[in-house]
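Student: I would like to learn how to read a protein structure, one feature at a time. Where should we begin?

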Amino acid sequence: MDLLAPADFRELTQALKYCVLLHDARTYEILWANRAACDLLGWTVDELRPLKAPDMSKNSRQYGRELGHRWLGQAVEHGTSATEWCYRSKSGEEILTEAIAIRVDLPARTVVLVQFRDIAEEKAVRRDLFRTESRLRTFLGSLAEGIVVLDDADRVVFASESATRLLGGDLNGADFADYCHEGAVPAREGRYRFAAPGSAPRWYAATCQYIEIESDLRGRMLLFYDITDRVRAEEEHRRDTQHLDHLARYNAMGDMAMAIAHEVSQPLAAAYNFVEGARGRLGTGDESVAWGLDNAARQIERARRILGSLRQYVGRLEPSERPADLNAIVRDCAYFIELRAQEHAVAVELDLAAEPLPVRCENVLIGQVVMNLAFNAIDEMARCPQPERRVRIATRPVADGGAELAVRDRGRGLPPGDRIFDGVFTAKEHGSGIGLALSHRIITRHGGHIDAGPNRPRGAVFRFTLPADRTPSVPAPGKTHGKASP
């Protein structure tokens, strides 16, 4: 027993959203159309029946009558045939459709059932998508940054054209660990060295994040760009800094050499004179012989102390930073500071903190800064009347655990402006200003801070701070905390 009558099938066909045209399989004449087809084309069934292909198709060669018959004939011969067909409605509107022709063998005759739907909007969307995809591909290809997506096994599941251009080789499906010079695949933001196997590595800055685009693209996305030139520039700057530090060491040695040449020559000359005089009196038995020899010994002992202090200072030219006491550095420099002060009749007052001030530094560089600031203050005070020639050097701990050194004079004070440490400021007649610039570079390289300000009631104060040494103390061999070892 049939559940649906023929009239029911007709109603079902009329309810379809797809457009349906029924053609005779032999003459291709239109026999019938459902409501959707009539609504889309604007004709009734009776108006459609006498129409031919040129009457209801776009006026274009690809939609001519011969091609339309060929399309329907393929359906008659093979059972089905699909094409894109541009119909023209009663109002003249051209409607691009996706059409499928199906041969149906009815008891009375064979017909071709054509189903079609309007795809103009869909085609427009496809064109927009294609245009957008082309633009994105062009953008990705011209990016300076490379993009790769890695699965859980660090295999490349996607690589942009720019990534292939940067790294070379066939990235898709490759193990990205083979491109990582250090072997570790990036898991966080940082600097890495990448290269195709067998190629020279370059430096890249990379960021990493997890992405999941529907179900076909998921994993860690690496965005990276070449920073090799920047890294090289930083290395050159570091070498320049080291060179300036090297020059600072030579500057320190030059100051010491001048002080030694000045001071050692006098006691040695005196010692020579005393010894020569003593030799001339050896045969007379004069008591003055003993006096001359004693003075010679004292002068020679003075020369020995000078050379000993020099050996102690120069012996601390460490190639790297190590724990030190800022007070001890100042004491090491005190002898040379005093020599310069005596030359200009300047009184130097040391006011060092009672407790050690542990810092981590290169002793000779920090010592050079101490002497440079002290020498500048002494040279400034040499311009003043002798009773006023005083320089004060003080150290103290600071709140964050670091240490501070301050050098105060009572001279003319600082000039207006803030270019004291940029290598152009100097108050000396034949000065270059490079000493303060080097001091600034040395202190900042150690993580400290240096500045200058007015002294009260007159003069200037130069001070610098260094961070505290955080190195944990190690017990001396043979000693333990708590109870003594048996």
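**Reading the features**

Tutor: Begin with contacts, meaning heavy atoms within 4.5 Å. Residues 24 or more positions apart account for 54% of the contacts in the protein with a separation of 6 or more. This is a predicted model, in which local features need pLDDT of at least 70 and side-chain atom pairs count only at pLDDT 80 or more, while totals for chains, interfaces and linings use all residues. Residues are numbered from 1 along each chain as its sequence is written, and side-chain values use heavy atoms, with hydrogens and water left out.

Student: How many helices and strands are there in the protein?

Tutor: Helices (H or I, at least four residues) and strands (E, at least two) are DSSP runs, numbered from the N terminus. The protein has 12 helices and 17 strands.

Student: What percentage of the residues count as buried?

Tutor: Buried means under 20% relative accessible area, exposed over 50%, and partly exposed in between (1.4 Å probe, protein chains only). Of the 486 residues, 37% count as buried. Ala-75, in helix 5, is one case: its relative accessible area is 0%, so it is buried.

Student: Which residues does Ala-75 touch?

Tutor: Leaving out residues up to four places away in sequence, Ala-75 touches Thr-80, Ser-81, Ala-101, Ile-102, Arg-103 and Val-112. Ala-75 and Val-104 are 29 residues apart in sequence, and their C-alpha atoms are 9.5 Å apart in space.

Student: Next, helix length. What should helix 10 span, and what is the distance between its end C-alpha atoms?

Tutor: The expected span of a helix is 1.5 Å times one less than its number of residues. Helix 10 (residues 326-343) has 18 residues, so it should span 26 Å; its end C-alpha atoms are 26 Å apart, which agrees.

Student: Where does helix 10 bend?

Tutor: A bend at a residue is the angle between axes fitted to the seven residues ending there and the seven starting there. In helix 10 the bend is about 40°, at Ala-334. The buried residues of this helix include Leu-326, Ile-329, Cys-333 and Phe-336.

Student: What is found at the start of helix 10, and what follows the helix?

Tutor: At the start, a side-chain oxygen of Asp-325 reaches to within 3.1 Å of the backbone nitrogen of Asn-327. After the helix comes Ala-345, with a positive phi near 55°. Ala-345 sits in the loop between helix 10 and strand 12 (347-351), and its relative accessible area of 33% makes it partly exposed.

Student: How many aromatic pairs does a search of the whole structure find?

Tutor: Rings of Phe, Tyr and Trp (its six-membered ring) pair if their centres lie within 6.5 Å; planes under 30 degrees apart count as stacked, over 60 as edge-to-face and the rest as tilted. The search finds 10 pairs. Tyr-63 and Trp-85 form an edge-to-face pair, 5.3 Å centre to centre with 75° between the planes. Tyr-63 lies in the loop between helix 4 (53-56) and helix 5 (65-78) and Trp-85 in strand 3 (residues 80-88), so the pair ties together parts that are 22 residues apart in sequence. Both residues are buried.

Student: Which side chain makes a polar contact with the side chain of Trp-85?

Tutor: A polar contact is a pair of N or O atoms within 3.5 Å; within protein, one must be able to donate a hydrogen and the other to accept it, and residues adjacent in sequence count only if both atoms are side-chain atoms. The side chain of Ser-57 makes such a contact with that of Trp-85, at 2.9 Å. Ser-57 lies in the loop between helix 4 and helix 5 and, at 2% relative accessibility, counts as buried.

Student: Which peptide bond is cis?

Tutor: The bond from Arg-456 to Pro-457 is cis, with omega near 5°. Pro-457 is in the loop between strand 16 (449-454) and strand 17 (460-466).
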